[in-house]
Amino acid sequence: MQSQGSYLSPILFNIFINDLPSVVKNSSILMYADDVKLFLSFSNPSSCSILQEDLNNFGNWCEFNLMSLNLKKCKTMSFYRGGYIQSNYQLFDVSLNVVTSIIDLGITMDPKLSFTSHINKTINKARLVLGFIKR
């Protein structure tokens, strides 16, 4: 017996959110289980409003479908090669937290996609396990 729902729950959830990509007009969208990422590549700071428009559309979709969000888990991060473009995005009139690293599917990413922090965390975990084995 499952405590979180039936075997149909994931299928029903996927059917429920199936129309979500149709409300995001300008940005690309990635969906995995109950996780959604909106992203847009741009080099002009005025393009930030395009992503904000899609965030507003996403928020309207959530309200229409009575989908609640944990806004504490909603974050924004910019990946860049050259100069950093400062952007402040909002969802439901709440400013989203700007972060300098994020863990996505177990991989720690930074704005330069160097993976140095992920490698260091992995090495530290391996050292802890090795120390436990040596004891």
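A pocket, in these legends, is an open set of grid points with protein on both sides within 12 Å along at least five of seven lines, and its lining residues have an atom within 4 Å of a point. Please keep in mind that every view shows a predicted model.

**Figure 1. Here is the whole protein.** Four helices and eight strands make up the protein. The protein is more spread out than a compact globule, because its radius of gyration is 19 Å, well over the 14 Å that the globule rule gives for 135 residues. Along the principal axes, the C-alpha trace spans about 55 × 50 × 20 Å. Of the 135 residues, 24% are buried. Looking at contacts between residues at least 6 apart in sequence, you will find that 45% join residues at least 24 apart.

**Figure 2. Step up to the largest pocket.** This pocket holds about 1,600 Å³ of space. Its lining counts 44 residues, and the ones nearest the centre are V36, K37, L38, K75 and I102. Four elements each supply at least two lining residues: β2 (35-39), α3 (48-64), β3 (75-76) and β7 (102-104). Strand β2 gives the most, with five residues. Sorted by class, the lining has 28 nonpolar, nine polar and seven charged residues.

Figure 3. Strand β1 covers residues 28-32 and runs antiparallel to β2, with five bridges joining the two. M31 stands opposite V36 of β2, and V36 is also among the residues nearest the centre of the largest pocket. Two residues separate the strands of this hairpin, and A33 in the turn has a positive phi of about 55 degrees.

**Figure 4. Next comes N57 in helix α3.** Helix α3 is where N57 lies, and this helix is one of the elements that supply at least two residues of the lining of the largest pocket. N57 counts as partly exposed because its relative accessible area, 24%, falls between the 20% and 50% cut-offs. Setting aside neighbours within four places in sequence, N57 is in contact with V23 and K25. N26 is 31 residues away from N57 along the chain, and 10 Å separates their C-alpha atoms.

**Figure 5. Take a look at T76 in strand β3.** T76 belongs to β3, another supplier of at least two residues to the lining of the largest pocket. With a relative accessibility of 11%, T76 is under the 20% cut-off and so counts as buried. Leaving out residues up to four places away in sequence, T76 touches Y89, L96, N97, V98 and V99.

Figure 6. L66 sits in the loop between α3 and β3. Its phi is near 55 degrees, a positive value in a residue other than glycine. L66 is exposed because its relative accessible area of 79% is over 50%. F92 is placed in the loop between β4 (90-91) and β5 (94-95). The phi of F92 is positive too, near 55 degrees, and this residue is again not a glycine. F92 is partly exposed, with a relative accessible area of 30%.

Note on methods: Residues are numbered from 1 along each chain as its sequence is written. This is a predicted model: local features need pLDDT of at least 70, side-chain atom pairs count only at pLDDT 80 or more; totals for chains, interfaces and linings use all residues. Side-chain values use heavy atoms; hydrogens and water are left out. On a 1 Å grid over the protein atoms alone, a cavity is a set of points where a 1.4 Å probe fits but cannot get out, and a pocket is an open set with protein on both sides within 12 Å along at least five of seven lines; lining residues have an atom within 4 Å of a point. Grid points are joined across faces, edges and corners, and a volume is the space filled by probe spheres set on the points. Ala, Val, Leu, Ile, Met, Phe, Trp, Tyr, Cys and Pro count as nonpolar, Asp, Glu, Lys and Arg as charged, and the others, Gly among them, as polar. Two strands pair if DSSP finds at least two bridges between them. Buried means under 20% relative accessible area, exposed over 50%, partly exposed in between (1.4 Å probe, protein chains only). Contact means heavy atoms within 4.5 Å. The radius of gyration is taken over C-alpha atoms; the globule rule is 2.2 Å times the number of residues to the power 0.38.
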